[in-house]
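Me: I'd like to talk through this fold with you, starting with the strands and then moving on to the rest. Could you take a look?

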Amino acid sequence: MNYHQYYPIDVINGPGTRATLFVAGCEHQCRGCYNQSTWDPRSGHLFDEAMMDTIIKDLNDTRVKRKGLSLSGGDPLFPGNLSAIKALLERVRAQCPGKDVWMWTGYTLENLSPEQRAVVALVDTLVDGKFEQQLHDPSLAFRGSSNQRIIPLTQVE
Ligand code: SF4
């Protein structure tokens, strides 16, 4: 998997102060996509073990208390990203107690493959659905168009 941006401190993408990773790779081709440069899974930088270590370290940094991790893109559930995202989230679950995970995807919850479901099982809140330009509403929190849903999957607060 490749990634485009990592923000160690982010107050925009999800509730509270967070760490946010924007991954490469997306097959949805939404009209009006704000992030077309991420579509190519070969774009950006390699997401390696050291990057994973950095995210875990940041989430556990007591100097800047982060509520959790946000995963966006691109699409974290792009098929080529699943193994790396699953490995990252397994580490977050094991090594970062109390941190929540938000994920943005262009897929819809009902249509996920078994492999995608296995990754989403490690997520607390899923924001799903393609960006629909005619439903774009800048007043919406944490989503770009009104068809997209903020779906709480766990009780973590
Ligand atoms: S899912 Fe997101 S990154 Fe992918 S095409 Fe749609 S808006 Fe762009």
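Me: Which residue in E7 stands opposite leucine 126?

Reply: Leucine 126 faces isoleucine 151 in E7. Bear in mind throughout that this is a predicted model.

Me: How many bridges join E6 to E7, and do they run parallel or antiparallel?

Reply: Strand E6, residues 125-128, is joined to E7 by four bridges, and the two strands run antiparallel.

Me: And what order do the strands of the sheet come in?

Reply: The sheet is open and has seven strands, ordered E3-E1-E2-E4-E5-E6-E7, with mixed pairing. Its edge strands are E3 (45-46) and E7 (149-152), each of which pairs on one side only.

Me: OK, the other end then: how do E1 and E3 pair?

Reply: E1 and E3 are antiparallel and pair over two bridges, with tyrosine 3 standing opposite histidine 45 in E3. On the E2 side, E1 is again antiparallel to its partner, here over five bridges, and aspartate 10 is placed opposite arginine 18 in E2.

Me: Switching to helices: which strands does H1 lie across?

Reply: H1 lies across strand E1 (2-10), strand E2 (18-23) and strand E4 (68-72), and its direction makes an angle of about 160° with E2.

Me: What about H1 against H2, at what angle do they pack?

Reply: Helix H1, residues 49-59, packs with helix H2, residues 82-95, at an angle of about 30°, and their axes are 10 Å apart. The two helices are therefore roughly parallel to each other, and H1 passes H2 in a right-handed crossing.

Me: Which residues meet there?

Reply: From H1 the residues are Met52, Ile55, Ile56 and Leu59, and they meet Leu88, Arg91, Val92 and Gln95 of H2. Sorted by class, this contact has six nonpolar residues, one polar and one charged.

Me: Now the ligand. How many residues surround it, and which are the closest?

Reply: The ligand is surrounded by 13 residues, of which the closest are Cys26, Cys30, Cys33, Gly106 and Phe131. By class, the shell around the ligand consists of four nonpolar, seven polar and two charged residues.

Me: Turning to the backbone, which residue has a positive phi although it is not a glycine?

Reply: That is glutamine 29, whose phi is about 50°; glutamine 29 sits in the loop between E2 and E3.

Me: Last one: which peptide bond is cis, with omega near 15°?

Reply: The bond from glycine 73 to glycine 74 is cis, with that omega near 15°, and glycine 74 belongs to the loop between E4 and H2.

Definitions and conventions:
Residues are numbered from 1 along each chain as its sequence is written. This is a predicted model: local features need pLDDT of at least 70, side-chain atom pairs count only at pLDDT 80 or more; totals for chains, interfaces and linings use all residues. Axes are lines fitted to C-alpha atoms, for helices over the stretch in contact, and angles run from 0 to 180 degrees between N-to-C directions. Angles under 35 degrees count as roughly parallel, over 145 as roughly antiparallel, 65 to 115 as roughly perpendicular and the rest as oblique. A crossing is left-handed if the near helix is turned anticlockwise from the far one by less than a right angle, and right-handed if clockwise. Two residues are in contact if their C-beta atoms, placed from the backbone, lie within 7 Å. Ala, Val, Leu, Ile, Met, Phe, Trp, Tyr, Cys and Pro count as nonpolar, Asp, Glu, Lys and Arg as charged, and the others, Gly among them, as polar. A residue is near a molecule or strand if its C-beta atom, placed from the backbone, lies within 6 Å of it. Two strands pair if DSSP finds at least two bridges between them.
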